[in-house]
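Please read the points below with the model open.

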Amino acid sequence: MSNGAQLGALLLQQGLITQADLDAALAANEKNGKPISRILIELGRITESDLVRTLAQQVGLGFVDLEEITIDPAVALLVPESLVRRYQAIPIQWDEQGRLVVTMADPSNVFAADDIRAMTGAEVVTVVSPPSQVQQLIDRVHRLDDEVDTMAQEAADEFGDGGVEGTKIDDLIEDAPIVEFVNLVITQAVADRASDIHIEPTETDLRIRYRIDGVLHEAMRSPKAIQAGVTSRLKVMADINIAERRVPQDGRISVRVGGIEVDLRVATLPTVYGEKIVMRILDKSKALLTLDDQGFLPDVLARYAASYTKPYGTIMVTGPTGSGKSTTLYATLNILNQVDRNIITVEDPVEYRLAGINQVQINSKAGLSFAAALRSILRCDPDIVLVGEIRDKETATIAIEAALTGHLVLTTLHTNDASSTPQRLVEMGVEPFLVTSALSSVLAQRLARRLCSHCTEAYQPSEAELIEAGWPMESTNDWPTLNRAIGCGYCGKTGYKGRFALHEVMTITEEVERLIIERRSTEDVKKTAVMQGMVPLRQDGLRKVAAGMTSLEEVFRVVT
């Protein structure tokens, strides 16, 4: 029996065609020599998906209909365009075992899987998809970079070297190349897992950078001529006054990227070369994270939990901008959010909408400051209050008095570590006895990048490295084996993918209270807190290095 007849018999056995269909195809094959599979498709008896699925079963491979699954663009972009087009094979997802799933039009090409495995450093599992679907996916994924350049050039050509001069604003913001360019910049940022998009005018061009895992990477440079069009388009999308270019403004954009709703917080800043725009990409899934997702070690989490399970008191989360303070507070609220509790937040801005929680947006122009909002909130019978940030003495005093009157108050403050937080409140003008009476605990944190799971390398650190890190070594038998970043296709050659937090939790004990009231130094407060069980930030980082979560270099980068 010929291969065609075997395939026909298999299709018949699976009920995809009838005996009459097979007889007609065999007759046509005798007449014109066309493959039976092609004849059946042309006659409309089977689809290309039916055929490829049957062939996959015949050779014992998995079949994937690309029209029925959602492809992660970041995964699909792991392999360069030249390679996927040569082999007609493209990554589509990671399976539960952490293997890279690659779909192919021609599963008999054994070199494709080997080359992709070598290039990405990942274990590869091959599946089969219809050739037309594979080609469409490759075109869709890999046209992105080309399209950005093309759209930028088209827009530049349309406006000429003069840029916006002589062009109506309405024409600018509705111009197809500009609209497409802005959409592609946002789409690419989401695909690259960026947290922020920086659109920066320079003297000669428009620079676009993405912040990925806390580090800025230059994504592209576009012609200066499209600057006004891009700025105006984004300001209209964010409902910002496009005629005002002299003062900073802010707004919000909601867009759909790959079927997912994405919110962007937009801020403009006048510079000497025009308005810089920064967009913070708000990942709504972060609002649903638990404290276990934050990277807490069990003993540190237990110390923190002892504070938020109290019925009243103040919990302060401290750290620089972008250290994950809000995410930690939201995760804490997710635990505390129960039907018998009235939870009210006052934020500037409200980044994530939380179900079952009353959230208040600060509006300085209307006179609704943190202090004014907090006074009103305390008249609304709250059990738990979240204050987005302590910015002045008035807000700090009201928040602390709220804790003293039986409320649980969660808030943030910008300090370097936990032990310096009480002193900062005293410097703001809050009486030391109020600080000690109301403060339950202080959680200081930093965000560190997580080592890539596909290219981590184990090594023996030198004695100098361990001494510099302050590594605890009882004897030479304790010499550790650590991991370091290498870089592969999966992590964009950085060696890291994703982030977690380093923590230190200072519980306000009687001894710590006494030191604060006596206005003793931050160093004295820290020594006492450590003696009572506080794990300093650097030490928490070293414990996570020992656990293989990150590298010494990364801990050095984020903790001084």
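1. A charge is taken to sit over a ring if NZ of Lys or CZ of Arg is within 6 Å of the ring centre and within 35 degrees of the ring normal. By that test, the charged end of Arg-86 sits over the ring of Tyr-87, at 5.3 Å from its centre. Arg-484 places its charged end over the ring of Tyr-459, at 4.2 Å from the centre.

2. On the basis of these values: the model is predicted, so that local features need pLDDT of at least 70 and side-chain atom pairs count only at pLDDT 80 or more, while totals for chains, interfaces and linings use all residues. Residues are numbered from 1 along each chain as its sequence is written, and side-chain values use heavy atoms, with hydrogens and water left out.

3. The protein chain contains 22 helices and 19 strands; helices (H or I, at least four residues) and strands (E, at least two) are DSSP runs, numbered from the N terminus. Of the 560 residues in the protein chain, 49% are buried. Here buried means under 20% relative accessible area, exposed over 50%, and partly exposed in between (1.4 Å probe, protein chains only). Among contacts (heavy atoms within 4.5 Å) between residues at least 6 apart in sequence, 63% join residues at least 24 apart.

4. How many aromatic pairs does the count come to? The count is three, where rings of Phe, Tyr and Trp (its six-membered ring) pair if their centres lie within 6.5 Å, and planes under 30 degrees apart count as stacked, over 60 as edge-to-face and the rest as tilted. The rings of Tyr-304 and Tyr-308 are edge-to-face, because their centres are 5.3 Å apart and their planes stand at 65°. These two tyrosines are four residues apart in helix H12 (residues 298-308), so about one helical turn separates Tyr-304 and Tyr-308. Tyr-304 is buried at 0% relative accessibility, and Tyr-308 is buried at 9%.

5. The rings of Tyr-330 and Tyr-352 have centres 5.4 Å apart and planes at 80°, so this pair is edge-to-face. Tyr-330 belongs to helix H13 (residues 325-336), and Tyr-352 to the loop between strand S12 (343-347) and strand S13 (358-361), so the pair ties together parts that are 22 residues apart in sequence. Tyr-330 and Tyr-352 are both buried. Separately, one aromatic cluster is formed by Phe-296, Tyr-304 and Tyr-308.

6. An open sheet of four strands runs in the order S1-S4-S3-S2, with mixed pairing. S1 and strand S2 (89-94) are at the edges and have a single partner strand each, so one side of each lacks a neighbour in the sheet. Two strands pair if DSSP finds at least two bridges between them.

7. Strand S1 (residues 62-63) pairs with strand S4 (residues 124-128) in the parallel sense over two bridges, and Gly-62 is opposite Val-127 in S4. Strand S3 (residues 100-104) pairs with S4 in the parallel sense over five bridges, with Val-101 opposite Val-125 in S4. S3, helix H7 (residues 110-120) and S4 make up a right-handed β-α-β unit; a crossover is right-handed if, with the strands pointing away from the viewer, the path from the first strand over the helix to the second runs clockwise.

8. Zero disulfides (a pair of cysteine sulfur atoms within 2.5 Å) are found in a search of the whole structure. Cys-380 is partly exposed at a relative accessible area of 45%, whereas Cys-452 is buried at 1% relative accessibility.
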